[in-house]
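Here is a short briefing to read alongside the model. Take a look at the sequence and the fold, and then let's walk through the packing together.

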Amino acid sequence: MLTIRKIALILSGIYLLLLFAGFVISRAVWFYPQELDKIQHIQQREINSITGLVSLHLLQQLSVTIDYAQWNDVYAFVASDGKLDQAPNIVAANYTSLGLSASAILNNDGDILLSQQLQNGDFLSEESSPISHWVQQQSKDQTIQQLAQTAGIYRVDEKLYIISIAEISNSAADITSNGYFLFAKPLSKSFWHQIQDITGVTFATYSNPASDCTPADVAITELQQSVKRCLTNPLGKAPVQLEVRVPNSLMPQLIPNELYLTYILVAVIPLILYLAFLGLVTEPLRYVTYHLRRSNIKPLPELNPLPFIQVKELKELRSTFNDLQSRVQKQRSELTELSLTDELSGICNRRAFEDKLQQAWRRSQRHQQNIALILIDIDHFKQFNDIYGHQLGDQVIRQVGKALESCTQRQDEYAFRYGGEEFVLLCYLRNQDDLSALNALIQNKIRALDIPHKGSTTSDRLTVSFGIAWLKETGSWLQNLNTDDWFRAADAALYSAKDAGRNCCRCTLIDQHTEITESPVFQLPPTKPSP
């Protein structure tokens, strides 16, 4: 037969396995994907920072090109079809200060009017200038107009250049498209080093990438240790490829070493404390069992909570405890019944009212029904006690309570004594006819008691005033309200009945089409009537 200690050891082993499985599953489902997503976002941000800085360089050169294209002497040179004695003032110093190596001026037909390329401090002839050959090829392919007002990276004679082209215009005459102005800037290793220094991203560049290389503007959809993206130019070609790698130390692992240390701290240490505590628990159990056995209680038939495992301590403890438990349950039921009954009136008390009110409210949110909360007050009861005495007043409380209890027709309708001379009814009213019938029934029941009341200014017989808060066609819309709103609505109706002269009824209708505070009865200020 197993003991509690043995069962605890078995369950502890199962607990350790389940805990470790929980660690792995939670990491696989939650933490590990988050880490992958974080690294992926870092990769995307690095690619974006590189391409953004390259685009900034392109825009800066394009801005310089547009500025030169708007020179008046450039416009005049093109207007003369390149026949002016003096060409635009573009000297070697301009190239050096701007980091450029070549420029070209073309007319609208794409004919080269001027081409210059600086190499080792000297201008190359047009026949030996790679940029001139490139411009001639683009003019032949009729792509110059397509490239106007753009800047991009192009491969010319196995070298990379940033080439920007702008339309020549005359700002004074407001004339555009009088030709094209071109600047070319070589891309050296220092250009990429500068981008690495600014962005803080280490990357590699490769020439002549494959034709299926992924463009840089395509988002990263899955984590890769090496991400390769191509920079494309306005012609749609990819002259250079970028590669950003994630160091091995930063790549997330499904089960890192830290997981084992965390597992030991979270599982093993509490487990040791639990087993030590278990040893302190079993001794008191034996002690309790011993003293239960010494009592004269006759044990009930065995009730084993684990029929598939015979537990020695539980078997002994339960056999001696069942009889005491049965007695306690019986006494508890009797106490519960007494605690929910008003001692004076014999009907349900305020505690029972709070429980039934909450039950009715929750049921009303799930099902469509018409239920009313009726708050009832005996008129001028203080004067009744002053004249006839409290003993007779207590008798009246009992009579009124029984009379109101007889007004409940269904099993789930209740009458409660709320406190003092106040009573509450929970009744179901299907329509206006039921409401009128309930009003008449309450009045008739009280009138049938025929209790004299000389101190009443309303009638020479005992009367009641009551207010009704009627929930019409209940449902999920009641989630915006609560039982306090319901009770306040009934209380407002009761005060309205008292203000109307007592011995009458007032009703507040609550439905999903009208705000409760907009009910005509509820808006009346609850003025306490004079005694």
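Helix α11 (residues 390-405) packs against helix α12 (residues 432-449) at an angle of about 145 degrees, and their axes are 9 Å apart. Helices (H or I, at least four residues) and strands (E, at least two) are DSSP runs, numbered from the N terminus. Axes are lines fitted to C-alpha atoms, for helices over the stretch in contact, and angles run from 0 to 180 degrees between N-to-C directions. This is a predicted model: local features need pLDDT of at least 70 and side-chain atom pairs count only at pLDDT 80 or more, while totals for chains, interfaces and linings use all residues. Residues are numbered from 1 along each chain as its sequence is written, and side-chain values use heavy atoms, with hydrogens and water left out.

**The helix pair**
- The crossing of α11 and α12 is right-handed, a label used when the near helix is turned clockwise from the far one by less than a right angle.
- Q399, V400, A403 and L404 of α11 meet I442, K445, I446 and L449 of α12, where contact means heavy atoms within 4.5 Å.
- By class, this contact has six nonpolar, one polar and one charged residues; Ala, Val, Leu, Ile, Met, Phe, Trp, Tyr, Cys and Pro count as nonpolar, Asp, Glu, Lys and Arg as charged, and the others, Gly among them, as polar.

**The five-stranded sheet**
- An open sheet of five strands runs in the order β11-β12-β10-β13-β14, with mixed pairing; two strands pair if DSSP finds at least two bridges between them.
- β11 (414-419) and β14 (505-510) are the edge strands, each with a single partner, so one side of each has no neighbour in the sheet.
- On average, neighbouring strands of this sheet are turned by 20 degrees against each other, direction ignored.
- β10 and β13 run antiparallel and are joined by eight bridges, and I376 stands opposite F466 in β13.
- α11 packs on the sheet, touching β10, β11 and β12, and its direction makes about 5 degrees with that of β12.
- α12 lies across β10, β12, β13 and β14, running at about 160 degrees to β13.

**Nonpolar cores**
- The largest nonpolar core has 29 residues, of which I374, I376, I378, L425 and I442 touch the most other members.
- A core is a set of buried Ala, Val, Leu, Ile, Met, Phe, Trp, Tyr and Cys residues joined through side-chain atoms within 4.5 Å; buried means under 20% relative accessible area, with a 1.4 Å probe and protein chains only.
- Two or more residues of this core come from each of β10 (371-378), α10, α11, β12 (422-428), α12 and β13 (464-471), and α11 gives the largest share, five residues.
- A second, separate core of 25 residues includes L471, L478, L481 and A490.
- Beyond four places in sequence, the contacts of I376 include L404, L425, I442 and F466.

**A buried asparagine**
- N385 lies in helix α10 (residues 381-388) and counts as buried because its relative accessibility is 13%.
- Leaving out residues up to four places away in sequence, N385 touches H390 and G393.

**The six-stranded sheet**
- Another open sheet has six strands in the order β3-β2-β1-β6-β5-β4, with antiparallel pairing.
- Its edge strands are β3 (122-123) and β4 (150-156), each pairing on one side only.
- β4 pairs with β5 (residues 159-167) over seven bridges, and Y161 in β5 is the bridge partner of Y154.
- Helix α1 (residues 4-69) lies across β4, β5 and β6 (180-186), at about 45 degrees to β5.

Definitions and conventions
Buried < 20%, exposed > 50% of the residue type's maximum accessible area, 1.4 Å probe, protein only.
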